[in-house]
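Here is a short briefing on one protein chain. Please look over the sequence and the model first.

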Amino acid sequence: MDENIHQVAIIGGGVCGTALFYMLAEYTDINDIILIEKYDGVAMVNSHGRNNSQTLHCGDIETNYTLEKACKVKAAAEMVVNYTATLDNRDRVIFKYPKMVLGVGENECRKLRQRFEVFRERFSSMQLLEKEQIAEIEPNVVMVNGKLRPEPCIALAVLDEYCAVNFNQLAQSFVVEAQKNDKNLNIAMNCHVEQIIEQDGLFHIHSQGSVIQARSVVVSAGGHSLLLAQQMGYGLEFSCLPVAGSFYFTPKSLNGKVYTVQNDKLPFAAVHGDPDVLIDGKTRFGPTALLIPYLERYNRKTFAEFLRVLRLDRGVLKVFWDLFKVSDIRNYIFKNFLFEIPGFRRWLFLKDVRKIVPSLSLKDIQFAKGFGGVRPQLIDKKNAQLMMGEAKINSGNGILFNMTPSPGASSCLENAELDMRTIVDYLGGVIAEQKLRQTLH
Ligand SMILES: Cc1cc2nc3c(=O)[nH]c(=O)nc-3n(C[C@H](O)[C@H](O)[C@H](O)COP(=O)(O)OP(=O)(O)OC[C@H]3O[C@@H](n4cnc5c(N)ncnc54)[C@H](O)[C@@H]3O)c2cc1C
């Protein structure tokens with residue numbers, strides 16, 4: 001084979017791209033892989049610990065997940081736990097805390113009791129905690145001035161499982177583990193892909209005047225995946241709605257993760273609080289859900305790219321209209337804009353935070369400046385629907401595109417396995433199935 005032609009090029013060095021880099025290097029006979037990233041390090045965008053909620057989603061405390069979805073997400077998350085089992089620096093990658101979803105008021109408590117009955121068989125470590133039991137684990141959640149808070153409260157909790165991940169460290173470990181294989185593994189940093197051209201069964205990846213060639217390509221570049229796909233004529237039936245999430249800090253007020261019950265009408269996860277794995281002694285609350293016109297948070301240069309993937313037409317307008325028609329969603333979108341107004345936002349956010357820790361006051365709350373990422377939610381224009389979760393475009397001829405909003409980081413290895421199978425099938429390679437089963441499943 002021509003030594004300048006790689007077997008696989010992966011565009012995007014986030015946790016998804018690096019997971020695939022590891023998967024192909026470790027479990028297949030593919031010998032020549034290149035990972036291409038526009039920044040000078042891996043996982044600097046949504047997979048950076050600053051920019052996401054650091055949760056290994058298992059579906060148990062996320063009340064927007066049905067049992068079926070939760071079981072799927074849990075299996076994917078277990079792959080991450082299994083992968084980290086042999087890492088030398090496991091304790092810097094993955095963390096154990098108590099985690100719970102808190103119900104406040106009669107209605108939410110009833111919902112959680114019902115959920116417990118549905119989930120307890122498949123999620124055998126889940127416990128139902130009454131108010132006094134919550135106080136033993138998270139005193140600040142139910143105690144105010146030494147007394148139990150007056151509203152009815154219960155929680156569904158899992159107390160001794162891995163539930164937090166520094167996804168930046170995870171991505172770095174994927175690269176290190178991949179490189180332990182004696183293969184031609186290349187990493188091109190500071191390499192911004194501008195265009196991919198397919199010609200005679202080869203992909204020509206253009207970046208700042210140079211061209212990288214590959215027989216197959218996987219693009220895991222967040223919202224930019226759709227941009228690169230549409231340049232090639234794929235995924236034109238989709239539009240992208242970037243939903244940013246911001247965070248707030250308080251002094252340490254929680255021992256573990258405390259989620260709240262989801263409003264069924266809202267498409268984005270409810271606010272939660274947890275210890276920040278990057279900053280000692282702080283509790284982080286969030287994320288908010290703000291519609292922004294950028295594909296990358298805090299990067300105004302991505303405004304033009306957003307306009308290109310928005311592809312505004314009747315289908316997109318119908319989705320916006322359907323969202324705005326529902327008063328809960330309309331108010332939520334409006335409230336999330338207000339969350340960005342300096343001065344006012346701390347006061348407004350305090351109300352949400354007090355549902356979790358009622359004794360917090362305004363002086364305790366600090367906007368987490370520079371924290372937060374963007375979830376590239378896709379809009380299916382044909383069916384005028386906002387799509388939740390991950391999306392994939394498979395051209396069928398050796399190039400795939402991944403768009404991975406939450407819980408994309410938790411399911412990075414599951415998604416990488418799917419892509420590995422597609423690519424190996426396309427190139428006619430072999431997968432070390434037994435090793436894969438023993439190590440990750
Ligand atoms: C506020 C918030 C909270 C979240 N919380 C969680 C959570 O708790 N748990 C969870 O599982 N998920 C969470 N997510 C989702 C999670 O962050 C993403 O699913 C995950 O990080 C996606 O990884 P990725 O590798 O696909 O994308 P990214 O991490 O965004 O990586 C994409 C990479 O592609 C590179 N790139 C882009 N364009 C180009 C180009 N043209 N050329 C070269 N390189 C390019 C970028 O520089 C970047 O490094 C959250 C997301 C947000 C925004």
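Why is helix H8 largely enclosed by the rest of the structure? In this predicted model, 8 of the 9 residues of H8 (residues 223-231) are buried, so the helix is largely enclosed.

**Overall fold**
- The protein chain holds 14 helices and 22 strands.
- Its radius of gyration is 22 Å, close to the 22 Å from the globule rule for 441 residues, so the chain is as compact as a globular protein of that length.
- Along the principal axes, the C-alpha atoms fill a box of roughly 75 × 50 × 35 Å.
- Buried residues account for 48% of the 441 residues.
- Take the contacts between residues at least 6 apart in sequence: 75% of them join residues at least 24 apart.

- In soluble globular proteins, nonpolar side chains tend to be buried together.
- Here the largest nonpolar core has 125 residues.
- Helix H1 (residues 15-27) gives the most to this core, with 10 residues.
- The residues with the most contacts inside the core are Ala9, Ile10, Ala19, Leu20, Phe21, Leu24 and Ile33.
- Which residues does Ala19 touch, leaving aside those up to four places away in sequence? They are Phe174, Cys412, Leu413 and Ala416.

**Helix H8**
- The buried residues of H8 are Gly223, His224, Ser225, Leu226, Leu227, Leu228, Ala229 and Gln230.
- Gly233 follows H8 and has a positive phi, near 90°.

**Strand E16 and its partners**
- Strand E16 (residues 282-286) is mostly covered, with 4 of its 5 residues buried.
- Strand E13 (residues 248-251) pairs with E16 in the antiparallel sense, over 4 bridges.
- Which residue in E16 is the bridge partner of Tyr248? It is Phe285.
- Strand E15 (residues 272-275) also pairs with E16 in the antiparallel sense, over 4 bridges.
- His272 stands opposite Gly286 in E16.
- E15 and E16 form a hairpin with 6 residues between the strands.
- In that hairpin, Gly281 takes a positive phi near 80°.

Notes: Residues numbered from 1 in each chain as written. Predicted model: local features only at pLDDT ≥ 70, side-chain atom pairs only at ≥ 80, totals over all residues. Core = buried A, V, L, I, M, F, W, Y, C linked by C-beta atoms within 7 Å. Buried ≥ 20, exposed ≤ 12 C-beta atoms within 10 Å, placed from the backbone. Helix = DSSP H or I, 4+ residues; strand = E, 2+ residues; numbered from the N terminus. Contact = placed C-beta atoms within 7 Å. Pairing = 2+ DSSP bridges. Rg over C-alpha atoms; globule rule 2.2 N^0.38 Å.
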